[in-house]
Amino acid sequence: MRLTRKAEYAIRAMVDLATNYNQQPVMSKEIAVRQDIPVKFLIQIIPDLKSSGLIHTSRGNGGGIYLAKKPSEINIKHIVEAIEGPIALNNCLTGDSACSRKQSCSLHKVWRLAQEQMVSVLESTTLAALTLKRIPAADGLTDSNSQVSNETEIDV
């Protein structure tokens, strides 16, 4: 699975909103400049984030974009799925009937495990953590060749 530029921009915009949480609402042009996102592209992303309940928007003087929840209540998985839809590393993981071979395919288990690990990291990484430039480490992943647990955080 490869995230689209749209998902990357959405994450950057949401991190910007979280960073400026106490100064909300924020104008989309300000986010675009700070995050190096084309304004026209950001305007296309906003409706997806709004319809998924992650942001609110208001028009007029003093209007702008603001988070619908606290930064600690929004994780990266929420944002990715708002833009890309449900996460699936491979087509066989999109639903029960997506792959007729999954009962006999040893690779299916590898895809499922990889997806579970990725989703775990995305779910455990909140906007609040990203504003502090700290991400939770996933079990089994290593940092500097040492094992880390879910409770460990890695500076980014």
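**The contact of α2 with α3**

Tutor: In this contact, Ser28, Lys29, Ile31 and Ala32 of α2 meet Val39, Leu42 and Ile46 of α3, where contact means heavy atoms within 4.5 Å. By class, these residues comprise five nonpolar, one polar and one charged; Ala, Val, Leu, Ile, Met, Phe, Trp, Tyr, Cys and Pro count as nonpolar, Asp, Glu, Lys and Arg as charged, and the others, Gly among them, as polar. The model is predicted, with local features needing pLDDT of at least 70 and side-chain atom pairs counted only at pLDDT 80 or more, while totals for chains, interfaces and linings use all residues. Residues are numbered from 1 along each chain as its sequence is written, and side-chain values use heavy atoms, leaving out hydrogens and water.

Helix α2 spans residues 28-35 and packs on α3 at an angle of about 120°, their axes being 9 Å apart. Helices are DSSP runs of H or I with at least four residues, strands are runs of E with at least two, and both are numbered from the N terminus. Axes are lines fitted to C-alpha atoms, for helices over the stretch in contact, and angles run from 0 to 180 degrees between N-to-C directions. The two helices α2 and α3 are therefore oblique to each other: angles under 35 degrees count as roughly parallel, over 145 as roughly antiparallel, 65 to 115 as roughly perpendicular, and the rest as oblique. The crossing of α2 and α3 is right-handed, that is, the near helix is turned clockwise from the far one by less than a right angle.

The loop between α2 and α3 holds Asp36. This non-glycine residue, Asp36, has a positive phi, near 55°.

Residues 39-51 form α3, which meets α4 (residues 76-84) at an angle of about 115°, with axes 9 Å apart. That makes α3 roughly perpendicular to α4. This crossing of α3 and α4 is right-handed. Here Ile45, Asp48 and Leu49 of α3 touch Ile79, Ala82 and Ile83 of α4, a set with five nonpolar, no polar and one charged residues.

With α1 (residues 5-19), α3 packs at about 80°, the axes lying 10 Å apart; α1 and α3 are therefore roughly perpendicular to each other. Among the residues in that contact are Tyr9 and Met14 of α1, and Phe41 and Leu42 of α3. Its residues divide into eight nonpolar, one polar and three charged.

Finally, the largest pocket holds about 300 Å³ of space. A pocket is an open set of points on a 1 Å grid over the protein atoms alone where a 1.4 Å probe fits, with protein on both sides within 12 Å along at least five of seven lines; lining residues have an atom within 4 Å of a point. Of its 15 lining residues, Ser28, Ile46, Thr57, Ser58 and Ile65 are closest to the centre. Helix α3 gives the most to this lining, with four residues.

Definitions and conventions
Grid points are joined across faces, edges and corners, and a volume is the space filled by probe spheres set on the points.
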